[in-house]
Amino acid sequence: MGRRNRKPRSQLSAAPLQVGMASHQAASGDDLATLGWNPIAASADADLLPELDTLLARSRDLNRNNGLMAGGMQTLRDNIVGSVLKLSAMPDYRLLGWSREQAREWGNNTEAQFRSWGETTECDAGRSLNLLGIALQGLGGAMLNGDAIALPVWLPRPGSRWNTRLMLIEADRLCTPIGMEHRPNIRAGIEFDQFGAPVAYHILKQHPGDALGGLLGVMSGASPLEWERIPAFTQWGRRRVIHLHDKERTGQSRGKPIVTAVMREFHMAGQYSSNELQASVANSLVAAFLESDLSPDASAALFGDDPRAQWTQSVKQAQQIRKLKGAAVIPLPVGARLSSFTPGRPNPSFEAFMLATLRHIAAGLNLPYELLVKDFSKSNYSSARAALLEAWRYFLGRRRWLVDYWLRPIYELWLEEAINAGTVEAPGFYDNRYAYSKCKFIFGGKGWVDPVKEAQAAVLRMAAGLSTLERECAEQGDDFEEVLDQQAIEKAMREERGLSTVTPEATKRSGIAKRDAEEAAGEPAGEAGQTGTDDTDDESDATSARAYHSTLAMLGQETPTR
């Protein structure tokens, strides 16, 4: 019996492909839902740079004329930076061969010197902002324009202790000079080397949209468009340009506005809201209509040869119909009746539609809906805290981004001057730049949704060794060493005045003991003086109290109670 010819295994396992059939439904060419969806797979710069000017202009227009957009930008500034900006110098003492005490003393001295520069307008070339203002402007520029640019300049001034200053420029001034557009190594004003590292920045000497400046330049005989090529670094490695932008793709030269993905929805939602408001106002101006169903023959018999004049005279005799006062007897014109007007505004589905739209916009801005519109009326403690925790993941990431690419380079510039001036001692600085420049920045505190519960949680974390006083203070925008120093001062002052210096127990300070007493007496915890509290919140409070005592007992800081 002869062997049959068998087909190769690959031919048996592979089914014949049909014409137009795709392995991925998302790549289907005959699906009606995606039939006209054929974007070009271009590079990061090819996708962004040709449309960047339009995105910038529309983003700024939204920020000027859309209250929700302006509020969202302010919310991001308030939560990412806030009202506090403090340096915490933390040199890497292991790399430097120092002790911890030596590193702490060096850091405290450096922080004090840095405050004399960063908390005054000496850091700003324009003498109008301190470092907090520069940080807010940098963050705002990166969110609104996609880029924030600062030019460090050496600018000695009489009576000034420091010479390093920062000159902020708007992203529009970073652009490719006329006649250099053909050069492949220059992208949107940035000159790159063969490895993609920036070599120089081409900066316009004045804003391209400054009509007044351009006119004055033409009148004086100077060219209105003059560029200056600024190297990215000096020969010894000092930065000459600080460029803050969010690099989403490899090869992306510039950033884009944070609102780009939802800009269309933002604009249309604003127009829809404005149109609904205008329609409601217009409808509110109309109270009723005068109607007449007289036939032409009846009108001629009633008003004679000139019906229009007779009708006008009859209306003038019934002027009180315009006032529509309460309990008024309204005389109507002859042959007329009064029909009430029932407006269709406001639209009953307006709120639900806008709610869905704003939730979509909030997601595009990486903000919870409640935080974007400042509306927590429909949220309880648990949902509000969950939303804020999710938001703070984003805020903390942006803080790290702002420190790494904006604030730490600024600190390095100042530190180099302070070391060369002999104000700060740092042997071998240029060989150990990273070790000396290591630092953190303390921003505004995130606040508390429920101060009692969150203070309890902070005590538990520190008692269990899961956190430190430094971290807990930093989350509230405080420096823990300043807190300890202030506590020592207050303790000494209380002793001088003969006041008690006994530290209250955490349970008494947080109010847990009071809740336990209320529960033991059979009263609902926290009922007095509170209204509208959910039963679940009361149960959560009691559970938190029991867990708190159990944890302290486990740590040996409290005697177990039954």
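Lys 374 is found in the loop between helix H13 (369–373) and H14; helices (H or I, at least four residues) and strands (E, at least two) are DSSP runs, numbered from the N terminus. At 51% relative accessibility, Lys 374 counts as exposed, where buried means under 20% relative accessible area, exposed over 50%, and partly exposed in between (1.4 Å probe, protein chains only). This is a predicted model, in which local features need pLDDT of at least 70, side-chain atom pairs count only at pLDDT 80 or more, and totals for chains, interfaces and linings use all residues. Residues are numbered from 1 along each chain as its sequence is written, and side-chain values use heavy atoms, with hydrogens and water left out.

**Loop residues with positive phi**

- Phi of Lys 374 is near 55°, a positive value in a residue other than glycine.
- Arg 127, in the loop between helix H6 (100–118) and H7, also has a positive phi, near 55°, and is likewise a residue other than glycine.

**Overall composition**

- The protein has 21 helices and eleven strands.
- Of its 562 residues, 34% are buried.
- Among contacts between residues at least 6 apart in sequence, 67% join residues at least 24 apart; contact means heavy atoms within 4.5 Å.

**The three-stranded sheet**

- Three strands form an open sheet in the order E3-E2-E8, with antiparallel pairing; two strands pair if DSSP finds at least two bridges between them.
- Strand E3 (164–169) and strand E8 (242–245) are the edge strands, each pairing on one side only.
- Neighbouring strands of this sheet are turned by 25° against each other on average, direction ignored; axes are lines fitted to C-alpha atoms, for helices over the stretch in contact, and angles run from 0 to 180 degrees between N-to-C directions.
- Strands of a sheet pair through backbone hydrogen bonds, either parallel or antiparallel.
- Six bridges join E2 to E3, and these two strands run antiparallel; Ala 150 stands opposite Leu 168 in E3.
- On the pairing with E8, strand E2 (residues 147–154) forms four bridges in the antiparallel sense.
- The bridge partners in E8 are Leu 244 for Ala 148 and His 243 for Ile 149.
- E2 is mostly covered, with six of its eight residues buried.

**Pro 152 in strand E2**

- Pro 152 lies in strand E2 and is buried, with a relative accessible area of 12%.
- Not counting residues up to four places away in sequence, Pro 152 touches Arg 165, Leu 166, Arg 239, Arg 240, Val 241, Ile 242 and Leu 413.
- Pro 152 and Leu 168 are 16 residues apart in sequence and 8.8 Å apart in space, C-alpha to C-alpha.

**Helices on the sheet**

- Helix H7 (residues 131–144) lies across E2, E3 and E8 and runs at about 140° to E2.
- Helix H14 (residues 381–420) also packs on the sheet, where it touches E2, E3 and E8, and its direction makes about 170° with that of E8.

**Nonpolar cores**

- The largest nonpolar core has 74 residues, and those with the most contacts inside it are Trp 406, Tyr 411 and Phe 441; a nonpolar core is a set of buried Ala, Val, Leu, Ile, Met, Phe, Trp, Tyr and Cys residues joined through side-chain atoms within 4.5 Å.
- H14 contributes the largest share of this core, 17 residues.
- Trp 406 touches Ile 134, Ala 135, Gly 138, Ala 148, Ile 149, Ala 150, Leu 168, Ile 242, Leu 244 and Trp 401, not counting residues up to four places away in sequence.

**The crossing of H4 and H14**

- The axes of helix H4 (residues 67–80) and H14 come within 9 Å and cross at roughly 70°.
- H4 and H14 are therefore roughly perpendicular to each other; angles under 35 degrees count as roughly parallel, over 145 as roughly antiparallel, 65 to 115 as roughly perpendicular and the rest as oblique.
- H4 contributes Leu 76, Asn 79 and Ile 80 to the contact, and H14 contributes Trp 392, Tyr 394, Phe 395, Arg 398 and Arg 399.
- The residues of this contact divide into five nonpolar, one polar and two charged; Ala, Val, Leu, Ile, Met, Phe, Trp, Tyr, Cys and Pro count as nonpolar, Asp, Glu, Lys and Arg as charged, and the others, Gly among them, as polar.
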